[in-house]
Amino acid sequence: MIEDNDDLLNEANDNNEGTITKVTGMYKDWFLDYASYVILERAVPAIEDGFKPVQRRIMHSMKDLDDGRYNKVANIVGHTMQYHPHGDASIADAMVQIGQKDLLIDTQGNWGNILTGDSAAASRYIEARLSKFALDVVYNPKITEWQASYDGRRKEPVNLPVMFPLLLAQGGEGIAVGLSTKILPHNFIELIDASVKHLQGKRFTILPDFPTAGIADFTNYNDGLRGGRVRVRAKISQYDKNTLVITEIPFGTNTSSLIDSILKANDKGKIKIKKIEDNTAADVEILVHLPSGISPDKTIDALYAFTSCETSISPLGCVIEDNKPLFVGVTEMLRRSTDNTVQLLKSDLEIKLDELEEQWHFASLERIFIENRIYRDIEEEETWEGVIRAIDKGLQPHIKHLKRAVTDEDIARLTEIRIKRISKFDIDKAQQKIDALEDQIAEVKHHLANLIDYAIAYFQRLKKDYGQGRERQTEIRVFDDVDATKVVIRNTKLYVNREEGFVGTSLKRDEYVCDCSDIDDIIVFTKDGKMMVTKVDAKTFIGKNIIHVAVFKKKDKRTIYNMIYRDDKGGPSYVKRFAVTSITRDKEYDMTNGSANSDVHYFSANPNGEAETVTILLRQSGSIKKLKWDLDFADIIIKGRASKGNLVTKYSVKRVELKEKGVSTLKPRKIWFDDTVQRLNVDERGELVGEFRGEDRILVITQAGIVKTIIPEITARFDDDMIIMEKWIPKKPISAIYYDGEKERYFVKRFLVENESKEECFISDHENSHLEIVSTDWRPIADVEFTKERGKERKDNLEINLEEFIAVKGINALGNQLTKDKINQISLLDPLPYEAPEEVPAEEIEVVDETDVSDETKSEAKEEKKDSNGEAPPDFEIDEEGQITLF
């Protein structure tokens, strides 16, 4: 392409008298130079000190101006422009970002708020100085490599000698030309602990910690490399039955953007809220008020699914090393930073050792010079060279113990000693100084010989001096996936035109079906036995004569469809029961035997596998004597949707009538509790809670003395202080021992949950009242340990049978006083044996999905059923009167 441009330019040059300058070289060189400049000098931090160039120059300028007092940020920005060849706005913005991380800069004034997104005041109104931590770990001019500034007038550091994994502590983000970087911030204390582990040769793991706190799932963090993903959530809890409170927000958001996302989701109908209050000050507090009748648990999941209350962050570890971009994980970053800190500590010790040895050398020379009165040897000398020779000659008998040779510079320094100092010279003090220097030299040599131990002690000192108040803020948790279709608010209405075969949300003049959302799928059955699942839309043609339409739930094995259909025109009729668990969207499925003229006599959809009884009425034909009989769907096995079904009759059916509604024939649903994500599930993750039928509930008791029963929904959420969660047995009493703050005594009570739909507190409401123990055993035993009184022996422990101690009373009863003696602790022992009443089992019929049974198994079953003629017998026997006998 560039060569074609060259030809065009040459041709244009030949045809025009004006001069045309080729820009080919500019394309090749200038763009590459610009890209390299942006990568190296602006966007990506260096691995050595963790700073971008502008940040490094700001820190260097602050050190230039540092006198312990605050400086105007505008003054610091102006000073930084001597090193940074860009505008003041970029410098001020970079400085505010460093200040908001609360590590290197001690700020004063309005520096903005990362929680609300408020910007900082103008640089002329705010002040800053270096923090004690920055002065401790960032600067050391003696081991700093220097270079000329952009205009050659000043010296600036190539890299600052940072002796701490600063890049991981602060994080870093930048977009360059052709690449970008996003290093997430990590916890100060955890970084120090990881550095110590690395120096000790142990393995370590570090995970991000965000200044906005929140909850994070680091399962796919991938060590901060490309392809990793971090899910971050706001911390949302239930304030009261109609109010949610957000107390922590995800990293990368602020309260303004979060509230905007909630309002947008409400406007789109994904969630339903009444109003929002933002009470954020030093801490986040956003109150989300819900309309009456809206589930708080579902709303919390909906906030995670449809708003910025859950965000996803993609880290990308990219740094500059040796003037080249390097993609590296956070573990390797910490190793390199720690190793670099060790080398800097070594260089610092070596310089310190040289300085101490120089001080010892001159202190020893000074003592020899004064103690032996060598200064008198220069009285007769008239030239400088003579003075040097005289002093050198006088020193020779006394310098054998020195560690290096005496130079002319050393002798010159001796000549600069004042007479006043010589006259007041104290030999004992001089020796003490030399001894102290020797101790310091020995200490530094010890540190150099045990460099790793010295580095570990250095990191531990940093943790002790600066670690207070820097504990982890972000809670680490494994998230469950929120199914958006289960928590979305039904924000629109679904209609059907059965005769014409249309379904949709715009058919407002036709039959109303149900409320739905715009992300739902719907399942539709037609009179000719066809089924289709499609997405909700304004108007969709399915097929004429629709007999059933509803919102489709994927992997739903509890909704059972009962159907009686005629196979082909004039053919036999069959009965079948089936579930629809998985499908291909917009594909038409035939629920009959596949004949072209099939027709559905009867159809019902049953959310809990109900099996009704219907009456079959035949048409009068020939010698049929019995034209009417009942068929109970409970006798029909639930099979896959592709099954043909069982023969009802070979005669023509006039109609099928519902005689009696049925009850569920499905097994009770098993529910598990996954403690890792604190959620219920039906996927066998965690501990089995129990088997639940439609009316069963879950009992929940918290440490705060709250008891409630809830419907076992997968979307249910649980408090952090939950101590009991089990299947609720209404007649099973709850036993509790609690401390009454007002009476300052322990009380025992036993009660039943009287109002299953109400959350109640069963301890007194005094601020000092607290729950000691609670049990749901039938016959619990408690062990009471008394406090030892001064001068007396401790009383023997008291063992109490709570069943005998107090009868079952109302939930609001105070209970019986346990004892007047002071109690040290109360614990539960193994309960007494009790034979609980057995539950009456439901008639169990398992749902068999067609995907669960192999073709080989089906064919084997058919072979076993074949009679002597090689034909498979029917599932029914029909006598001459048309009566069906089920096998």
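The model is a predicted one, in which local features need pLDDT of at least 70 and side-chain atom pairs count only at pLDDT 80 or more, while totals for chains, interfaces and linings use all residues. Residues are numbered from 1 along each chain as its sequence is written, and side-chain values use heavy atoms, with hydrogens and water left out.

I then took the axes of α8 (residues 188-199) and α16 (residues 451-466), which come within 10 Å and cross at roughly 170 degrees (axes are lines fitted to C-alpha atoms, for helices over the stretch in contact, with angles from 0 to 180 degrees between N-to-C directions). That makes α8 roughly antiparallel to α16, the term being used for angles over 145 degrees. Helices here are DSSP runs of H or I with at least four residues, and strands are runs of E with at least two, numbered from the N terminus.

For the contact (heavy atoms within 4.5 Å) I listed residues of α8 including Phe188, Ile192 and Leu199, which meet a set in α16 that includes Ile452, Phe459 and Tyr466. By class, I recorded eleven nonpolar, one polar and two charged residues in this contact.

Next I followed Glu190, whose side chain meets that of Arg472 in a salt bridge at 2.8 Å, N to O (a side-chain nitrogen of Lys or Arg within 4 Å of a carboxyl oxygen of Asp or Glu). The pair links distant parts of the chain, with Glu190 in helix α8 and Arg472 in the loop between α16 and β17 (475-476), 282 residues apart. By this rule I have a count of 46 salt bridges.

**Two open sheets**

I turned to an open sheet of three strands in the order β1-β3-β2, with antiparallel pairing (strands pair if DSSP finds at least two bridges between them). β1 (71-72) and β2 (105-108) stand at the edges with a single partner strand each, so one side of each is left without a neighbour in the sheet. Four bridges join β2 to β3 (residues 127-130), and I found Thr107 opposite Ala128 in β3. Helix α3 (residues 53-65) packs on this sheet, touching β1, β2 and β3, and its direction makes about 85 degrees with that of β3.

Another open sheet has three strands in the order β45-β44-β48, again paired antiparallel, and I noted a twist averaging 25 degrees from one strand to the next. β44 (residues 781-786) and β45 pair over four bridges, where Ile781 has Asn801 in β45 as its bridge partner.

Note on methods
Parallel < 35°, antiparallel > 145°, perpendicular 65-115°, else oblique. Nonpolar A, V, L, I, M, F, W, Y, C, P; charged D, E, K, R; others polar.
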